[in-house]
Amino acid sequence: MILRWFPYGDDSVTLEQIKQTPGVSGVATCLPKIPVGEVWPLDVLEELKKEINEARLEMEVIESVNIHEDIKKGLPSRDNYINNYIKTIENLSKVGVKILCYNFMPVIDWARSELAHKLEDGSYAMAYRHDEVVKMNPSIMADVMAQKSRGYSLPGWEPERLEQMAADIEFYNNITTEEYWENMKYFLDAVIPYAEKHDIQMAIHPDDPPWPLYGLPKVITNAENIRKFLSLNSSKYNGLTLCTGSLGSNINNDMAEIIREFSGEGRVHFAHIRNLKHLSEKDFDESAHLSQCGDLDMFEIVKAFNDTDFDGYIRPDHGRMIWGEKARPGYGLYDRAIGANYILGLWEALEKMKKMK
């Protein structure tokens with residue numbers, strides 16, 4: 001069980017606080033200061049690991065080494081950026097990283113209409129209203145997010161990416177989804193042999209939300225597409241970050257069934273477990289982790305992982321703002337700590353139930 005943590009003072013939550021959270025052994029972290037496409041320097045990674053280890057926590061999971069847009073577009077310049085990615089994988093292996101969580105979402109990593117929507121219990125959570133998102137172009141959405149991010153960076157909405165958004169969207173509107181799959185396969189075939197060599201499991205994150213926006217290709221959205229993605233490269237190092245919040249926002253996705261299939265095949269390396277409440281087919285609020293607070297059956301989700309002998313990493317993913325906490329949207333301490341221990345409680349019960357049989 002780990003929590004996501006952002007370095008360099010870009011997080012309201014401290015490593016000391018994370019260490020005090022029962023059952024949490026480490027963090028999933030990143031180097032947000034390194035521009036997309038550049039090599040993550042070994043000395044910087046070593047300093048980051050030292051800071052985390054001194055707090056008696058592990059640094060075995062990285063989110064995210066973002067993929068340069070030229071790779072996704074299939075431009076001739078992609079080979080240079082892929083080589084940089086391979087060098088980063090090598091450096092990550094030297095500091096003991098085991099999992100690299102990344103995504104292949106074009107232009108926009110994730111989208112929400114609100115970062116602090118007030119729920120009935122008085123807490124605040126991120127929310128998605130499809131019609132509102134469609135009315136906003138990405139630049140407007142980026143401005144709204146920046147205004148409401150409490151001064152913290154928002155992964156996937158880095159300033160250097162925003163300037164190019166309109167041109168990028170126009171580019172993707174002129175290629176087919178099949179061409180996008182081919183660009184993904186090109187990346188995997190180049191990178192996975194080095195992931196194998198350096199023993200780092202590549203774990204792709206699903207599209208969030210898992211349906212088309214602004215004419216952009218969306219590919220990691222359901223079981224059928226996940227099967228296609230995994231077939232692009234059969235190596236077990238080509239795997240998933242299975243996010244129940246992202247995939248679960250599509251009401252047609254049976255989360256327990258999806259987990260049983262892909263975790264059962266050993267292709268899930270990392271799990272983001274959270275709940276959400278649907279208001280309609282494409283409108284939802286993020287919620288507390290407890291099953292009764294949303295539409296996802298958290299017991300069945302955790303049981304599916306447990307039944308398939310999942311031995312990877314789990315984090316409780318997004319949390320609400322509760323008890324007056326003011327933090328990066330989705331990444332306060334209190335609700336994520338509650339979520340982590342709720343998931344750990346379910347896991348402990350399932351393990352003891354096994355022994356009683």
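1. The largest nonpolar core holds 90 residues, of which Y85, Y102, F187, M202 and F229 touch the most other members. Such a core is a set of buried Ala, Val, Leu, Ile, Met, Phe, Trp, Tyr and Cys residues joined through side-chain atoms within 4.5 Å. Buried denotes under 20% relative accessible area, exposed over 50%, and partly exposed in between (1.4 Å probe, protein chains only). Helix α9 (residues 177-197) gives this core its largest share, eight residues. Another core, of eight residues, lies apart from it and includes V61, A203, F270 and Y313.

2. This is a predicted model, in which local features need pLDDT of at least 70 and side-chain atom pairs count only at pLDDT 80 or more, whereas totals for chains, interfaces and linings use all residues. Residues are numbered from 1 along each chain as its sequence is written, and side-chain values use heavy atoms, with hydrogens and water left out.

3. Helices (H or I, at least four residues) and strands (E, at least two) are DSSP runs, numbered from the N terminus. In helix α2 (residues 42-54), L45, L48 and I52 are buried. They lie on the same side of α2 because they cover an arc of only 65° around the axis, taken from the directions from the helix axis to the C-beta atoms. E47 and E54, on the other side, are exposed. Cover for the buried residues of α2 includes α1 (15-19), β2 (26-29), β3 (58-63) and α4 (78-94). Just after α2, R56 takes a positive phi of about 60°.

4. In helix α14 (residues 334-356), the buried residues include D335, R336, I343 and L350. The buried residues of α14 pack against β1 (2-4), α13 (298-307) and β12 (313-315), contact being heavy atoms within 4.5 Å.
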